[in-house]
Amino acid sequence: MRFAILGTTRATRADGRDVPLGGPARRALLALLLARAGEVVPASGLIDGLYGEHPPGDAAHALQSQVSRLRAALRPEATIELLPAGYRLTVDPADVDAHRFLRLADEGRAALDGDDPALAADLLRQALALWRGPAMADAGGPDAVRLEERGLAALEDRFEADLRRGHTGITAELSEAVGRHALRERLRGLLMRALHAEGRQAEALVLYEQTRRLLADELGADPSAELAAIHRALLRGERTPGPVAPPAQLTSFVGREDDVAGVRALLAEARLITLLGPGGAGKTRLSIEVAAGGQDTCFAELAALRAGAELPQALLGALGLRESGLLAPAGGTTPADRLVAALAERSLLLVLDNCEHLVGPVAALAERLLASCPGLRVLATSREPLGITGEHLWPVSSLTPEAAARLFTDRAAAVRPGFGAAEGAVRRVCVALDGLPLAIELAAARTRTHEVAELADRLDDRFRLLSRGSRTAQARHQTLRAVVAWSWDLLTEPERVMARRLTVFSGAVSAGDAGAVCGLPDPDELLDSLADKSLLEASGGRYRMLQTIHAFCAEQLAEAGEEQAVRQAHARHFLDLAERADPHLRRAGQLDWLETLAAVHDDLMGALRWSAESGRAAQGVRLVAALSSYLWVRGVRASATGHAIVLLDLLGADPDPALGDDYVLCALAAASDPAAWSRHRAAAEAMAQAPDRPRRHPLVTILWPMVTAGDADPRLALAIIERGRESADPWERAIVHAVWGYPNLATGDFGAAEHEFTLALEGFRALGDGWGAALALDALSWLAGMRGDGAEARVLIDEALELTGRLGALEDLSDLLCNRGDHRLGDDLDGACADYEQAEAAARRSGSATCLAAALRGRGDVARLHGDLAGARRLYEQALDRFDPQWVRSVGSRCRALIGLGLIAEAEGDLVTAGELHLRAAEAAVNTGALPEAAGAIEALAGIELARGTLAAAAKLLGGAAVLRGLTLASEVGAAVRAALGESAYAAAHDEGERLSYEEVLRLAGLSEEVISRSPIMTVRLW
């Protein structure tokens, strides 16, 4: 028997007859088992795959029933075994098209790597010919996503093979693939190369420019390094290069060529490799050289981290991901969850450099990522193993004497042209330094002013002096410490003061910041001198200290008794910077100031951490408040949450009232921790409502009502907003208009809402605040769409997209693209589909599960409207798996996904299931007070009544929907009910529905009293 899941699920007997598999549940069950053919699939996994979040009451019995029916259909050629761990379909994987595809694709890729493009192209064409439609179209799930990604990668490999063997004429096929996957950069690079191969270089260059603009406009990103290299090669008229290496190092790589080859070979088999060795052994440089052989690499430097809790956020930053924008939920998704979402479907080499001080947290996170992200490989550098299953250790030992001598000579020649020395003297220095690359490079740098023999003598003396250190310390650590101490002795006193004081900085430092904190004259000259002596690295006008040297100099700072004073100067300096920047973040120039703060993010957090650790609570609270606009608009507020909680706890239950808004913003920064918010909320409320205190931070006016939006009693939020109306700050007055528009939307007063949003937009535009303007434009676009003016809605949202793109806000970009797709659904399905696909790509890059869910929901709408009910069902169910039900921003798409599933059930004749799904959508909307979204669900319930022939009930529900939405919209259901019932009877029933109250409409729809009683309808009315 042969099986197929690359499309709809099929089973074919040896004589060619199709096996009748039964309904959708059995086809989905068979697909789930075939994806793991010959393996035991846990019953819980099958139940999840079949029923999602809403299994039947006795799910195990329901599954057993489906298995029994499927087992009967497959006999006698195949059977389904019940084992203690689950179910196993006893078939040969070679009889399943998906497994044959994977084998052929792997063989094709191997042939491509082995430089046999003709064989690769043949194998890959055989693999791709097995596809008949979307993978596991009847089931979906993680296996389907994995197969889809492998299918696309195989297609790209086939194009690559065709290009390598000189095959032309594939530009049309490539162009079609680019059209379907507009943001897939590898496809665009292949198309550029294909155009070039056909002598169409000008078109290839135009394609690059179009790609650059598309990425900038849609994602706020630049082309990848690989695509940029193809562009440079085209400009030079050269052949397109192979995989692009990371940025070239400033020095040659000497002595570890065999290590590079060995680690790369091991990476082809292992998914976690740790480069193990002492400090200064060259682990970091080796990891960079190894990574240069990969196509998709992320390099994460961990040495600056102080605690394991900072690790996930640091990796998000290294991946170029940001947290959600100002309207993000207060809690729910963790940074680690976002990492899994971002990497789940990517093929990536993640380099984790300097793990030794965070071995436990790094091990735990690496294990989770590797388990959840099958395309991920991790290359770590550490002084001790991570100690988890699957780890492969690669010791990085001393250089051989020959390699060490070559390294010394190479580096010495760079600082002393014409360098020449007796081989024996060079060997003496290298042996004394135990062949450690960092020590050798530091020694070689001194040959500018010292002879090699003198260096050897001084190193000998120094090592003997320090040889009586800790017996438990590693010998190489003692030797390296001696080299650094010797370099320290060669500094002038001002250089030593500058070097030790620089250790309070968390990363690269500018001369201006160094001068302000370190308090020394001529900071530029001192920094350049330290860089010249290899104690600092200079790049892009900033200076960075090597970590080994940093550790030594930090000890000198402590011994000098200066640490507290210098750290306080550091904290004061960055507090001053934050307070200078804060008002500019809500004015023209906000982008420049956002970038200014982002460049010193680690130092801002370092100043905040030290303020908390040293008990300077008032100073820390001031810093949190000054950073609030940056943290929320840029989407990095989680990096301050832990420090904010510590500061609040230091202040206790009775904080100084003079802290005012500073305290309020600090409490709001901590509000994502429910326990912390509970402890400090009362004090924050007292500060927030003090009538005799001027508003120090206008951001309170938006953050307080946003964070407390779920409260049953909104009077404090209302008071804060009303107070903002009289503010002297024009930004605060503008944000009051923006906030006040939303309760008007919820109660259907669209005229008042439009007035408020328009005033907000005018205010933000006058100030030059792009973020605020985008917020108002999005709201006005929604209003225009509700009124049927699709053209105006798109103009408004296009402007919002342009402004958001400049901010680099991937989650906001994804959200707006989904909204634009919604506007296009009625008359431009292809355009809507393109928007949803771009939104999906942006959501995956940002790691936002909720934004990804919204994009999948939109793609489900497109599939349903095209008649692809199976594809739509799969997309809707994937979306529902990802939504955060507590986040009000997701309620619209969540409701639409449920309504979409209901419409599919209705189309299949299952009116009971359809009604249940529409009712769930209405309940989800009512639970968050989103009454206009509930109106859509109630209109769908009217469609059920139409199908049942109860026309008066349908018309009455349509009238009730108009009550919740605030206006009556033309719809297919409404037109059909009117035509069937007659104008007079329809008007009477519809009017009866329009006379109902909110609660009566919900009761009419069938919502329970419990749901109605706990809904925030009264809160919405009060607003």
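A hairpin joins strand E4 to strand E5 through two residues. Start there in this predicted model. E4 covers residues 80-83, and it pairs with E5 in the antiparallel sense over four bridges. Within this pairing, Ile80 has Leu89 as its bridge partner. Leu82 stands opposite Tyr87.

Strand E3 (residues 40-41) runs antiparallel to E5 (residues 86-89), and two bridges join them. Here Val40 has Arg88 in E5 as its bridge partner. Together the three strands form an open sheet in the order E3-E5-E4. E3 and E4 are the edge strands, each pairing on one side only. Strands of a sheet pair through backbone hydrogen bonds, either parallel or antiparallel.

The loop between helix H3 (59-74) and E4 holds Pro76. The peptide bond from Arg75 to Pro76 is cis, with omega near 0 degrees.

Three strands make an open sheet in the order E11-E13-E12, with antiparallel pairing. Strand E11 (509-510) and strand E12 (537-539) stand at the edges with a single partner strand each, so one side of each has no neighbour in the sheet. E11 pairs with strand E13 (residues 542-544) over two bridges, in the antiparallel sense. Ser510 finds its bridge partner in E13, at Arg542.

Asp522 lies in the loop between helix H22 (511-518) and helix H23 (523-532). Its phi is positive, near 50 degrees, though Asp522 is not a glycine. Asp522 is exposed, with a relative accessible area of 51%. Asn354 also has a positive phi, about 65 degrees, and is not a glycine either. Its place is the loop between strand E8 (348-353) and helix H15 (359-372). Is Asn354 buried or exposed? At 14% relative accessibility, Asn354 counts as buried, because the cut-off for that label is under 20%.

The largest nonpolar core has 142 residues, and Leu502, Trp704 and Ile735 touch the most other members. Leaving out residues up to four places away in sequence, Leu502 touches Val509, Ala514, Cys518, Leu527, Leu530, Leu536 and Met545. In soluble globular proteins, nonpolar side chains tend to be buried together.

The aromatic rings come next. Across the whole structure there are seven aromatic pairs. One of them joins Trp488 and Phe552, and it is edge-to-face because the planes stand at 65 degrees, with the ring centres 5.9 Å apart. This pair links distant parts of the chain: Trp488 is in helix H20 (residues 475-489) and Phe552 in helix H24 (residues 547-559), 64 residues apart. Trp488 is buried, with a relative accessible area of 7%. Phe552 is buried too, at 8% relative accessibility.

Rings also meet charges. The charged end of Arg586 sits over the ring of Trp731, 5.5 Å from its centre. Arg725 places its charged end over the ring of Trp740, 5.2 Å from the ring centre.

Two helices round out the picture. Helix H25 (residues 563-581) has 19 residues and reaches 27 Å from its first C-alpha to its last, close to the 27 Å expected. Its buried residues include Val566, Arg567, His570, Phe574 and Leu577. How many residues of H44 are buried? The count is 14 of the 18, so H44 is largely enclosed by the rest of the structure. Gly949 follows H44, with a positive phi near 90 degrees.

Ala341 lies in helix H14 (residues 335-343). Ala341 and Ala849 are 508 residues apart in sequence, yet 6.4 Å apart in space, C-alpha to C-alpha. Ala341 is partly exposed, with a relative accessible area of 26%.

Definitions and conventions. Residues numbered from 1 in each chain as written. Predicted model: local features only at pLDDT ≥ 70, side-chain atom pairs only at ≥ 80, totals over all residues. Heavy atoms only, no water. Phe/Tyr/Trp six-rings, centres within 6.5 Å; stacked < 30°, edge-to-face > 60°. Buried < 20%, exposed > 50% of the residue type's maximum accessible area, 1.4 Å probe, protein only. Lys NZ or Arg CZ within 6 Å of the ring centre and 35° of its normal. Expected span 1.5 Å × (residues − 1). Core = buried A, V, L, I, M, F, W, Y, C linked by side-chain atoms within 4.5 Å. Contact = heavy atoms within 4.5 Å. Pairing = 2+ DSSP bridges.
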